[in-house]
Amino acid sequence: MSEAPLLEVTGLVKHFPVRGRRFGGHRQWVRAVDGVDFAIRSGHTFGLVGESGCGKSTLASLLVKLVEPSAGQIRFEGQDLGGLDRRALRDFRRRVQLVFQDTYGSLDPRQGMLSAITEPLFTLGIAADRADAVRRAEQAVALVGLDREVLKRLPHELSGGQRQRIAIARALALSPRLVVLDEPTSSVDVSVQAQILGLLDDLKQRQGLTYLLISHNLIVVRYMSDTVAVMYLGKIVELAAAAALFAAPLHPYSVALISAIPVPDPEAPSLTELARGDVSSPVNIPSGCRYHPRCPYAEAICRSEEPPLAEHMPGHYAACHFAGIAADHL
Amino acid sequence: MSVPVLEVTDLSVELGIGGVWIPALNKVSLTIARGEALGLVGESGSGKSLTALSIAALLPDNARIVGGSIRLMGDDLVGRSEAELNRLRARSVAFVFQNPTTFLNPLMTIGRQIAEVFELSPELLDPADGPRLSRRERRREAWRRVVEYLRLVKIPDPERVARQYPFELSGGMQQRAVIAMALIRRPHLVIADEITTALDVTVQAQILALLRELRHSIGMTLLMITHDMGIVAQLTDRVAVMYSGTVVECADALALFRRPKHPYSQALLAAVPTIHGSETVLRPIPGTIPAMTDPPSGCRFHPRCPAAMPACGHVVPTPAVTGPGHSVACHLYDGSPG
């Protein structure tokens, strides 16, 4: 267990300025990621769940270096991403891949699939020549269970599931170590979702991959992940092994998320409303515990003091003054 | 037996794509009794939204009804003129769409746009007995009802929200306002088409809990269109499963979830991951949903079906009743030669 983590994030912060100033006031900031720490072990799947505006997609962009952090550190394979030279950065771009949720948006409508997959092989200097690139592309599509015929197609000629497989193949062609999956199944049907999840599971074993899975779908996260972090308004509010988090969640927000899932069983009533109202704005983050305006258990201390992410049981962290209080509701 | 709120019989619809008419719905039949909630489930391209649009007489120009009937409170909608349809559906069907922001007018306050209903259907404001209201009284009565319905859908501080513009409300509150707008006409049937897909999970739970409550408090009759088997299980009494433009199975919700009969229903339920997570094995359905332009012969599901028999490739199965309120369109249950 002393093995160094593949990815380590400490005190990560990203604030975006709000366009325009308030009349006569100060510049406002969207505190998208507001102090996040976690580590991902090699070969594991780390699931990150949260609702819209919780900062999960900003976190993904930070991890693949699409945006630069305002503060904090990201270490990949022990190296600080802040201090990479050009060559190291190019190598990093190969070893960490991002698969987007919107396959329409991430594939050029006029670019054939062969070129979509081989383009990064050339820009990152992986393919020796054209024949090598084609060979790698053919291997990649075979890996995701597609016929090589699809390489001749354009995005609109493929089904949603096929496009998602192409997006995965394009990432895998670069032999990455870490794949960031941003809502990988949110745009496909249930029967196709099961295919994609099975495929991702299988590829992880065969290719020795590590996943960071970002989703608003708790069930998908539960199904895929070893470790799960729950994010709320830019912070991790609970972090634990997947089985422990879903069996005995400590944070009232995690309990609310889990009990909000419509259970596919008419005799198991769910949909308890445990979270009040809507997610607060990441511009005006509430004082104290940022979840307190929605929390049915909030007390005076929750409005004044921000609870730290503390270890309540071995490996099970929660940021709540009354961790475990909502447990009876599951 | 009273007249069902909705009775769709052998509805067939064609879509015009590239100058050709392509069958999109094939003999779809559904019945919803007063106060009942029917879930219409299926994956994309199954025809569930097209069925809903047909019922609300909102089919796009490139779609045409080529057979069957749609009876709302006993009145057949098929073959009516636009004016007659407007009158019929104004009183009987309310449609709630997926995205409230595209449905709400951004330039009008919530209260004003809900009150517009009374300009289109002034008779809604007329008291059952007694004298006709003056203009001023009508306006006051309209506003009173708007606030009452905003309160019914659990919008906090409804007097204030009625004076706000859509952008001032969160997605969940906007969807509540749209539901209030649908209910204020006291429609016989509410059609909800994927209404929580754009919402966060905790807000979705609030909206679904609201719908469940409205079923009890005002006896709302509901056609719930969704791809989420969880929502179906939690909210509906009966379920119709659609695949490639046909209803393959129709049953009580409990019967469908406990003992699904059609191989597609079985496969669909086995493909849904549950919160028990990795202990359950997901069984994906092999292959892909057939294209509408090139549907398989015989049973539409046969190329993906684990139980396919020779007959399935060329004979279209007709719905067979296998139990009370349970019908299945599959050769396994119709006794035809396999």
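Predicted model: local features only at pLDDT ≥ 70, side-chain atom pairs only at ≥ 80, totals over all residues.
## The contact between the chains

The contact between the two chains draws 36 residues from chain A and 38 residues from chain B. On the chain B side, at least two residues each come from α9 (201-217), α10 (229-235), α11 (253-258) and α12 (263-270), and α9(B) gives the most, with eight residues.

## Helix α9 of chain B

How far apart are the end C-alpha atoms of α9(B)? They are 24 Å apart, which agrees with the 24 Å that the 17 residues of this helix should span at 1.5 Å a residue. Just after α9(B), the residue G219(B) takes a positive phi of about 60°.

Among the buried residues of α9(B) are V201(B), V203(B), I207(B), L208(B), L210(B) and L211(B), and the list also includes T202(B), Q204(B) and Q206(B). The buried residues of this helix pack against elements of both chains, namely α10 (252-259) of chain A and, in chain B, α8 (171-183), β8 (222-226) and α10.

## A four-stranded sheet in chain B

Chain B holds an open sheet of four strands, arranged in the order β2-β1-β4-β5 with antiparallel pairing. The edge strands are β2 (20-32) and β5 (75-76), each of which pairs on one side only. Strands of a sheet pair through backbone hydrogen bonds, and the pairing may be either parallel or antiparallel.

Strand β4 (residues 63-72) of chain B is joined to β5(B) over two bridges in the antiparallel sense, and D76(B), in β5(B), is the bridge partner of R71(B). Helix α1 (residues 48-55) of chain B packs on the sheet, where it touches β1 (6-17), β2 and β4 of that chain, and the direction of α1(B) makes about 110° with that of β1(B).

## Residue L174 of chain A

In chain A, L174(A) lies in the loop between α6 (160-172) and β7 (178-182). Is L174(A) partly exposed or buried? A residue counts as buried if 20 or more other C-beta atoms lie within 10 Å of its own, and L174(A) has 19 such atoms within 10 Å, so it is partly exposed.

Leaving aside residues up to four places away in sequence, L174(A) touches R94(A), Q97(A), P120(A), L124(A) and I126(A). L174(A) and R41(A), which are 133 residues apart in sequence, are 20 Å apart in space when taken from C-alpha to C-alpha.

How values were computed
Residues numbered from 1 in each chain as written. Chains lettered and ligands numbered in written order. Buried ≥ 20, exposed ≤ 12 C-beta atoms within 10 Å, placed from the backbone. Contact = placed C-beta atoms within 7 Å. Pairing = 2+ DSSP bridges. Axes fitted to C-alpha atoms, helices over the stretch in contact; angles between N-to-C directions. Expected span 1.5 Å × (residues − 1).
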